[in-house]
Amino acid sequence: MEERRRMTYNVNRKVLDEGDLDEMGEKTHTKTSLCDKIKGSMSCSGPRVKSCLLGAFPVASWLPRYSFREDALGDLVSGISVGIMQLPQGMAYALLASVPPVFGLYSSFYPVLIYFIFGTSKHISVGTYAVMSVMIGGVVDRLAPDSNFEIWDNVTNSSIIDSVARDQERVRIAAAVTFLSGLFQILLGLVQFGFVVTYLSEPLVRAYTTGAAIHVIVSQLKYAFGINPKRYSGPISLIYTVVEICYLLPQTNVGTLVVSIVAIVGLILAKELNAYLGKKLPVPLPIELVAVIIATVISWQVNLESRYGVEVVGDIPSGLQPPVAPTLSLFGQVIGDAFALSVVGYGIAISLGRIFALKYGYKVDSNQELIALGLSNSIGGVFQCFAISCSMSRTLVQESTGGKTQVAGALSAVVILFITLWIGSLFEELPKAVLAAIIFVNLQGMMKQFMDIPALWRSNKVDMMIWVVSFILTVLLNPDLGLAAAIAFSMLTVIFRTQLPRYSLLGQVADTDIYKPVEDYGQVRQVPGVLIFRSSATLYFANAEMYQEALGEKAKNKDYPNGQEEPNSEHQKDIATIDVDNDPDTSLPRAIILDLSPVNFLDTVGVKTIKSIRRDYGEIDIEVVLACCQSGVVENLLAGGFFNDKVTKSCLFDTIHDAVLYCLSGRPVLTTDTCRGNYFPMAVAYF
C-alpha cells in the first residue's frame, strides 16, 4: 500500500463564538416533553411487540436458528463435562450455605434451566458459586444457629442438636433470601438499572472475592479438622472464629485430618497433571468427580464414620422437592443480605459474560441478564434452591470443551437431574472433609489474586488502595457489610480525585492551533497577554472554591509579555503576527480563557463560581471567556442565570484558538496559523 501523502488544506473563516455557531448551524431548541416520551414508549406496533417478546425470551430468537451440524457435538461434550463438575461443586457449596448437600444439586438444576430460556450469554456456566454460598451461609447461621435447636438427651444426659429441625429451618431461610434477591434483580432489570455494575470496579470485585474466599476457607476448617467451633456473626466474627478454631485444635479428629490432607494433596497433583495434559486431551479429566467416587467407595468399605468418627454427607433423598412458597415473615430480616446477594451475583456474572462476548463477537444485554438471574433465583427459591451466579472454573471448562451456546448449560442441568433422580443416594457415605478439600483447591485461583497488589502498585496506586481496603473491609466486616463499605470507599476515592484535580496553564504548540499544558511540553509557549486555564475534573460544589483559588494562584505573580512576538523566519508566512501595545502591568494577563472541555456538567455552585470569576476579574479590566463548553454545560449556564443583557453567548467559544483570537482581536491581527497532523493536516486561516 502506498504511503498516505501529507496534504495541506487552507480553511478561511471568521472567529466564531457560541452565538455565531448557533445561528450558522441553525440550532434547534425544541425538546421532547416527558408526556411525549411516555407516549412514545407506550406506542404499540407489530415489529415493536415482536422485538419486545424476543428481548424478553432470548431463546426464541436463537434456538430456531440453532445449527446441529456445527454446534451440537461441542455443546453435548461441554454439557456433560460441566454437569459432572456441578455434582461435587454443588454438594460442596451447599456446605458453605449451611444447608444439606442435596440442595446444592437442586441449585444446579432449576436455575440453570431458567437461565437457558432468559439469558443472553452463550458461554457462562451459572449455578452454585463459592462467594454467594458463603454469603448465604452467613445469613443462615445468623438466623438459625445451632444453639436454637439444642434438645436434652435423656440417654446421655447431655444436650444434642436436633439436626432435622435445624436443617429444615435453614433451608427455609436460604430459600427466602434467594427469592428476595431474585426479586431485587428483576426489579433492577425492569427499570433498566444494569449500569449498577459500573460501581463494582475490577479491583473492588477481585479484592472482594479474595476476601470472601478467606471466609470460605475459615468456614470449612471445621470439616477439615473434624471439630465443632461456635459460629459467630457480625463484624470481626472471622477473627473470633479463627481464635475458636485454634483453641479447639487439640480436639482434632485424626481420621478426618488424614482424609483432608490426602484429598487436598491428591486434588492438587491431579489438577497439575490435568493442566499438563490439557493440550493433549480433548476433554479435561473430571478430577473432582473421580475424587468424590474414590472417597465414597473407600468410606463405604472402611466404614470411616463409625470406626474413625469421620463425618459424612448422610441422607440424600432421591427425586425433586415440590415447590414451597417463601416465608414472607423472614423478608424483613434478610432484605439487606438479599440486596447484597443480588448485586454481587450480577456483578460477577455480567463481568464474565462480557469477557466471552467480546472474545466471540456477540452482545450481552446487561438488563436482560439481570432479569434472567432474577428469575433463576426467584423461581429457584420457590424450589428451595440457594442463590446462584456464574462460576469461573465451570465457565472455562464449558468454553474449552467446545460449548458454543446455552444448550450446553441446559444439558448440564439434565446431567444433574439424572444424578438427583437415580444415583444421588450412592454418595451418602462421602466424607464432608473431601467436599471441604474440593473447596480449598478450587480457591487457588482466588488466592492468586493477591498478585494484583504489586501489579496495581506499579500501574495505579489508587486502584491498589481500593483493592487493599476492600479486602480488609470484606475480611473484617463479613461479605455483606464488607461489600457496602468497599463500594462506599471506592466512591470516596472518586470524590477525592475530583476534589483534588490537576490545574494547568495552556500554551500554544508552535505554528498550530493546538494548546497543551506548558509544564508538560518544552516547545509550548503561552500566548502573549492571555492566560488559558484548565482543570482536569468537572466543576461542582465540592471543588468550586479550590478552582477559584487555583486560578488566582496561576494568574498572579506571572509575567505576561504583551509585546509583539518575533516571528520565526522559516514560517513567517504561515504564523499569526500580532502587534499589541505594551501593558505597563505585566503581572496580570489581558484576558483569561477558561477551558471547560473536561467539565461535563455544572451545578448551581459551579455556575455561580464562573459568574463570580467573570465579575471579579472584570472589575480590574481582565476579560474572561469560556472555551470548549459541552452542550449540557451551556444548558446549565442558561438555566443558572449566567446570561443576561450584558453577558451573551459571545463569551463562549467552540475552540480555544477561537477564544485566543477573540481576546487579541482588539489589536491589529493576523494572517495564518498552521495545523499539521498525521492524516489530514491543514492550514487554518482566521480573518
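## Basis

The model is predicted, so local features need pLDDT of at least 70 and side-chain atom pairs count only at pLDDT 80 or more, while totals for chains, interfaces and linings use all residues. Residues are numbered from 1 along each chain as its sequence is written, and side-chain values use heavy atoms, with hydrogens and water left out.

## Helices H8 and H10

Helix H8 (residues 130–143) and helix H10 (residues 202–225) have axes that come within 9 Å and cross at roughly 60°. H8 is therefore oblique to H10. (Helices are DSSP runs of H or I with at least four residues, and strands are runs of E with at least two; axes are lines fitted to C-alpha atoms, for helices over the stretch in contact, with angles from 0 to 180 degrees between N-to-C directions; under 35 degrees is roughly parallel, over 145 roughly antiparallel, 65 to 115 roughly perpendicular and the rest oblique.)

H8 contributes Ala 130, Val 131, Val 134 and Met 135 to the contact (heavy atoms within 4.5 Å), and H10 contributes Tyr 208, Thr 209, Ala 212, His 215, Val 216 and Ser 219.

Strand S6 (residues 503–509) is largely enclosed by the rest of the structure, because five of its seven residues are buried (under 20% relative accessible area, 1.4 Å probe, protein chains only).

S6 pairs (at least two DSSP bridges) with strand S9 (residues 530–535) in the antiparallel sense over four bridges, and Leu 505 stands opposite Phe 533 in S9. Three bridges link S6 and strand S7 (residues 515–517), also in the antiparallel sense. S6 and S7 form a hairpin with five residues between them, and Asp 511 in the turn has a positive phi of about 65°.

How values were computed. Buried means under 20% relative accessible area, exposed over 50%, partly exposed in between (1.4 Å probe, protein chains only).
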